[in-house]
Amino acid sequence: MIRRREQIVALINEEGQISFSKLKESFPDISDMTLRTDLKYLDEMGKVIRIHGGARSVETLAGTDGLYLARATRKQSEKLEIAQKAVNLLPHNATLFIDSGSTTTLFCRTLPDAAYEIYTCGISCATELSRLSQPKVHLLGGEMNRYSLSVAGPQAVLQAQNYHFDICILGTSPEFGFSCESEADCFLKRIALSHSRHVMVLMDSGKYGLINTHRICTAEQIDILVSDHQLSQEQKQFFTAKGISVY
């Protein structure tokens, strides 16, 4: 039992956060009740943080989406797959709002040098975009979140309210509405989404079933979901049933 619980903690720390279904896949011989008991015990001992639908690492901080540098090293191949798929879906000369995050940062790293108009709240995204000469890149102002390397707050919201975007590109967690951990970030994303013609979500399959504190929007407000090859057929059907195109 002790070894199994140590393995659970190690897995959650490696993933950052994990859904209960993903945890079951990693421990197929352990019953649901035993796994839930393990999570309850580990949460009480301060080893992990239980959340709706799974658990997250104590290395992340409440009220944030986790330390950016820690998230940036996780699931690199899956995030690169998602970024490459998403870039191939972009129309020419589009005006984009790009959310902050490790997956959107990889998306910016993959973006070709073309005539896009880009607005972002992600400091790491803007850094990646600085290598390009053709896009016009606008970094929204506001208070810096040092954990997610992003900016948010009233100033960023006021700026975003003045723009209209062809595509809003979000990196977030799904199922009972797409969500994030920061209220300020959430409000900015809601504004960007409401001012966009199309909404695209970049999500690694491991986030399926996880729910964060602040809901950005319902699944019905999303047009496109880009994920990795590990997204199951059942999970794809969940999104397509809500009118979302899944790639």
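Two strands count as paired if DSSP finds at least two bridges between them. Strands (E, at least two residues) and helices (H or I, at least four) are DSSP runs, numbered from the N terminus. The model is predicted: local features need pLDDT of at least 70, side-chain atom pairs count only at pLDDT 80 or more, and totals for chains, interfaces and linings use all residues. Residues are numbered from 1 along each chain as its sequence is written, and side-chain values use heavy atoms, with hydrogens and water left out.

An open sheet is formed by 3 strands in the order 1-3-2, with antiparallel pairing. Strand 1 and strand 2 stand at its edges. Each has a single partner strand, so one side of each is left without a neighbour in the sheet. On average, neighbouring strands here are turned by 25 degrees against each other, direction ignored. Strand 1 and strand 3 run antiparallel and are joined by 3 bridges. Within strand 3, arginine 56 stands opposite glutamine 17.

Two helices lie across this sheet. Helix 1 lies across strand 1, strand 2 and strand 3, running at about 110 degrees to strand 1. Helix 3 lies across strand 2 and strand 3, at about 125 degrees to strand 2. For these angles, axes are lines fitted to C-alpha atoms, for helices over the stretch in contact, and angles run from 0 to 180 degrees between N-to-C directions. Contact means heavy atoms within 4.5 Å.

Helix 1 covers residues 2-15. Its 14 residues should span 20 Å at 1.5 Å a residue, and its end C-alpha atoms are 20 Å apart, which agrees. The expected span is 1.5 Å times one less than the number of residues. Arg4, Arg5, Ile8, Val9, Leu11 and Ile12 are the buried residues of helix 1. They cover an arc of only 165 degrees around the axis, which puts them on the same side of helix 1. The arc is that of the directions from the helix axis to the C-beta atoms. Buried means under 20% relative accessible area, exposed over 50%, and partly exposed in between (1.4 Å probe, protein chains only). On the other side of helix 1, Ile2, Arg3, Glu6 and Glu14 are exposed. The buried residues pack against several elements, including strand 1 (17-19), helix 2 (20-26) and helix 3 (32-44). Glycine 16 follows helix 1 and has a positive phi, near 90 degrees.

Helix 3 has 13 residues. From first C-alpha to last it reaches 18 Å, close to the 18 Å expected at 1.5 Å a residue. Leu35, Asp38, Leu39 and Leu42 are its buried residues. Their arc is only 95 degrees around the axis, which puts them on the same side of helix 3. Met33 and Glu44 are exposed on the face turned away from the buried side. Helix 1, helix 2, strand 2 and strand 3 are among the elements that cover the buried residues of helix 3. Just after helix 3, glycine 46 takes a positive phi of about 75 degrees.

A second open sheet has 7 strands in the order 6-5-4-9-11-13-14, with parallel pairing. Strand 6 (136-139) and strand 14 (245-246) stand at the edges, each with a single partner strand, so one side of each is left without a neighbour in the sheet. Helix 6 (residues 102-110) packs on this sheet and touches strand 4 (95-98), strand 9 (165-171) and strand 11 (196-202). The direction of helix 6 makes about 130 degrees with that of strand 9. Isoleucine 118 stands opposite valine 137 in strand 6.

The whole structure holds 5 aromatic pairs. Rings of Phe, Tyr and Trp (its six-membered ring) pair if their centres lie within 6.5 Å; planes under 30 degrees apart count as stacked, over 60 as edge-to-face and the rest as tilted. Tyrosine 119 and tyrosine 163 form a tilted pair, 4.3 Å centre to centre, with 35 degrees between the planes. Tyrosine 119 lies in strand 5, and tyrosine 163 in the loop between helix 8 (154-160) and strand 9, 44 residues apart. At 9% relative accessibility, tyrosine 119 counts as buried. Tyrosine 163, at 25%, counts as partly exposed. Tyrosine 119 also forms an edge-to-face pair with phenylalanine 165, 5.6 Å centre to centre and 65 degrees between the planes. Phe97, Tyr119, Tyr163 and Phe165 form one aromatic cluster.
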